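Work through these exercises with the sequence and the model side by side. Try each task before reading its solution.

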Amino acid sequence: MTYPFLKGHGTENDFVLLPDHEGTVHGDLSVGRVRALCDRRAGLGADGVLRVLRTHAINPTDGEWFMDYRNSDGSLSEMCGNGVRVFARHLVEEGLADPTDPIRIATRAGIKVVTVDGDLITVDMGSPEVLGESQVSVGDRSWTAVHVDLGNPHAVAFVDDLTDAGPLLVPPTHDEAVYPQGVNVEFVVGFAGPHVAMRVHERGSGETRSCGTGACAAMVAAALRDGAPRGTTYAVDVPGGTLHVTWTEDDRVLLTGPAVLVARGETDL
């Protein structure tokens, strides 16, 4: 059986998209299929898979579309900030959503409202939860990390240099009592002004070129550390580009960045 796919990325955090509007093509979308699609040598290569479903195909929700996101190891993820922008770009380019109106997309972390402005797409990521501190370690080095939840869990560690985290070939050690389902770990350095840079190890995917929810978590932690007033927009540099994040007066985190589709075709993976 062959089926259609698209390939896209947001600041080089890349995804395979599977149009499956009525949920009749991929069934439960097996772990094996996700892993095969994401394999960078034997498959299409991606950090994760975005299945495009109409919400009535799963259950009624406040939103026409559901983003069924899977990490590259096949595990489920609640939310993906870069992925939801790529998902919205697909809807707009296929004429399935009006780019002049806010687009409501259902995710496992609730409804996300997306707005399109040319090449840039902004996602209202909701209100962050700052849940204290924990420790993360790489080898014999450890850092205090801020626990920020944005629909999925993050541990944000400020470091002197982004190379301090080493090659990040394996997940950083974390407190399993704090993060029983695993955690995305951000290593962050600050610059003058509202500006940070980061690397990220994503649970289920390894180190990626970008992480939208991770950029938001890094911004929240940096704003708290810097005493930045609400409404300040931070530039967050990731290996794949730059994202902009604002923590608003009404406690919403807005993520802005590019999202592009680069290929489409059919596969039998």
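**Exercise 1. Which residues is I103 in contact with, leaving aside its neighbours within four places in sequence?**

Solution. First, the ground rules. The model is predicted, so local features need pLDDT of at least 70 and side-chain atom pairs count only at pLDDT 80 or more, while totals for chains, interfaces and linings use all residues. Residues are numbered from 1 along each chain as its sequence is written, and side-chain values use heavy atoms, with hydrogens and water left out.

Contact means heavy atoms within 4.5 Å. On that basis I103 meets A88, L91, V92, A97 and D98. The list also includes K112, V113, V114 and V116.

Now place I103 in its core. A nonpolar core is a set of buried Ala, Val, Leu, Ile, Met, Phe, Trp, Tyr and Cys residues joined through side-chain atoms within 4.5 Å. Buried means under 20% relative accessible area, with exposed over 50% and partly exposed in between (1.4 Å probe, protein chains only). The largest such core has 52 residues, and I103 is among those with the most contacts inside it, along with M67, I105, M198 and V236. Helix α3 (residues 212–226) gives the most to this core: nine residues. Helices (H or I, at least four residues) and strands (E, at least two) are DSSP runs, numbered from the N terminus. Another core, of 14 residues, lies apart from it; V136, A155, Y179 and A197 are among its members.

**Exercise 2. Which residues of helix α1 are buried, and what covers them?**

Solution. Take residues 31–38. V34, L37 and C38 are buried. They span an arc of only 90° around the axis, so they sit on the same side of α1. The arc is that of the directions from the helix axis to the C-beta atoms. Recall the geometry: an α-helix has 3.6 residues a turn, so residues three or four places apart point the same way.

Next, the cover. It includes β1 (3–10), β2 (13–19), β3 (48–54), β4 (65–71) and β18 (260–267). T267 lies in strand β18 and touches L37, among others such as M1 and F5. T267 counts as buried because its relative accessibility is 9%.

**Exercise 3. What is the phi of L29, and where does L29 lie?**

Solution. Phi is positive, about 55°, although L29 is not a glycine. Most residues other than glycine have a negative phi. L29 lies in the loop between β2 and α1. With a relative accessible area of 2%, L29 is buried. L29 is also one of the contacts of D68.
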